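Here are some notes to read alongside the structure, written for someone meeting it for the first time. Please keep the 3D view open and follow the points one by one.

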Amino acid sequence: MPATMKCFVMHGVGRVGLADKPVPRAGPNDAVVRTTAALVCTSDCHTVAGALGDRHGLTLGHEAVGVVHELGEVAAASGRFKLGQRVAVSAITPCYACDNCQRGYPSQCGGLLGGWKFANLKDGSFAEYFHVNDAVANLAPIPDGLTDEQAAYCCDMLSTGLVAAEAADIPMGGSVAVFSQGPVGLMATAGARLRGAGLVIGVESVPNRVALALKYGCDVVIDFTREDPVAAILKLTGGQGVDSAVEVLGTAATFAACVGVTRPGGTVSNVGYHGDGESVPIPRLAWGVGMGDKTIRTSLCPGGSERMGRLMRLVAAGRIDPLPLTTHRFGFGEIGTAFAMMRTKEDGMIKPLITFA
Ligand SMILES: [Zn+2]
Ligand SMILES: [Zn+2]
């Protein structure tokens, strides 16, 4: 067994690079996975920009799959996994034992956003090996028919995009607006269609994202650089507004627009990462001065092997094909280039796939 491994770490706010660290070891309930494929996320860029403070020396990454390298004694005794088995691990790895987990909010494990452990509370998965806490609940076997790349999309893009549609409480045949058609927004669009939306309106301006938005199920895409999206959505819905608005981008402007386009009794579903500013304003009049029967829901990527199994089934059954999201491919040694491009979305980047030798 190798003693050390390469990882891609945050050296400080705005600074990243490759580093050597010891290969992690599994405690009794844990596992160590040898990484085979990973995806870079805009959340990683927010983290490096300082949104969580200085996570000095922390290994980045939270979307990865691989093979079981080590099992702790309790995890091994479960009999559910064997060494060398292909597994996917959600970006969120709750303990499934604490109060918030037992209350039904495992993404808030142990405290606000506490289920988000990779590259937040502990080293992430941009490494040749990564540690998985509470392995029985968090390791999801990858079905034989699924590639590592397909499975990697289930870790965050599908889980977050689909929970955005699930939390949006879309009535059958209802209308939905999805603000921004990046990778999570595209999966939210696909999710809105799966949940029975009758009208899906995307908001996006980047040409390759607009094309994918139409492919994944938008009936119309509004270019916010050419027209005011709130006015356009109200016009498309006969002045009524949509049943559900999905906020994926994490800006004050798109959040306010979501409140503005949601009809009374409707739902704003926020999964956007609001990475700066001290507050996120709610437009007072569009909110019915606080009495408009508009529900605002917030969700963090749900984790756990049961959900991962369902997401992988959707891909295996051909209900959702995430592979068009991969616009670029890199070996692990080139991850610095992938990361730099992801910050600016250079060259039409949507998701870069990182493969490990
Ligand atoms: Zn992510
Ligand atoms: Zn917990």
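1. Let us start with one residue: E149 is buried, at a relative accessible area of 13%. Here buried means under 20% relative accessible area, exposed over 50%, and partly exposed in between, with a 1.4 Å probe and protein chains only. The side chain of E149 meets that of R329 in a salt bridge, 3.2 Å from N to O. That term stands for a side-chain nitrogen of Lys or Arg within 4 Å of a carboxyl oxygen of Asp or Glu. The pair ties together parts that are 180 residues apart in sequence, because E149 lies in helix 5 (residues 148–167) and R329 in strand 14 (residues 326–331). R329 counts as exposed, at 55% relative accessibility.

2. A word on what you are looking at. This is a predicted model, in which local features need pLDDT of at least 70 and side-chain atom pairs count only at pLDDT 80 or more, while totals for chains, interfaces and linings use all residues. Residues are numbered from 1 along each chain as its sequence is written, chains are lettered from A and ligands numbered from 1 in the order in which they are written, and side-chain values use heavy atoms, with hydrogens and water left out. Helices (H or I, at least four residues) and strands (E, at least two) are DSSP runs, numbered from the N terminus.

3. How many salt bridges are there by this rule? The count comes to eleven. One of them joins R25 and E70, at 3.0 Å from N to O. R25 sits in the loop between strand 2 (15–22) and strand 3 (31–39), E70 in strand 4 (residues 64–71), and the two are 45 residues apart. R25 is exposed at 59%, whereas E70 is buried at 12%. D223 and R226 also meet in a salt bridge, at 3.2 Å; D223 counts as buried at 19% and R226 as exposed at 72%.

4. Next, please find the metal. Which residues coordinate the zinc ion (ligand 1)? They are C41 (SG), H62 (NE2), E63 (OE) and D156 (OD), at 1.9 to 2.3 Å. Donors are N, O and S atoms within 2.8 Å of the metal (3.2 Å for Na, K and Ca); water is not among the atoms, so sites may look incomplete. The arrangement is tetrahedral because the four donor atoms subtend angles of 94 to 128 degrees; for four donors, that label requires all angles to lie between 85 and 135 degrees.

5. Along the sequence, the zinc donors are spaced C-x20-H-E-x92-D. C41 lies in the loop between strand 3 and helix 1 (42–48) and D156 in helix 5, so this pair ties together parts that are 115 residues apart. C41 and D156 are both buried.

6. Finally, have a look at helix 11 (residues 335–344), where I335, A338, F339, M341 and M342 are buried. Why do these buried residues line one face of the helix? Seen down the axis of helix 11, they fall within an arc of 165 degrees, so they line one face; the arc is that of the directions from the helix axis to the C-beta atoms. They pack against strand 1 (4–12), strand 2, helix 1, strand 14 and strand 15 (351–355), where contact means heavy atoms within 4.5 Å. Just after helix 11, K345 takes a positive phi of about 55 degrees.

Terms used:
Four donors count as tetrahedral if all angles lie between 85 and 135 degrees; four count as square planar and six as octahedral if opposite donors are over 155 degrees apart and all others between 65 and 115; anything else is irregular.
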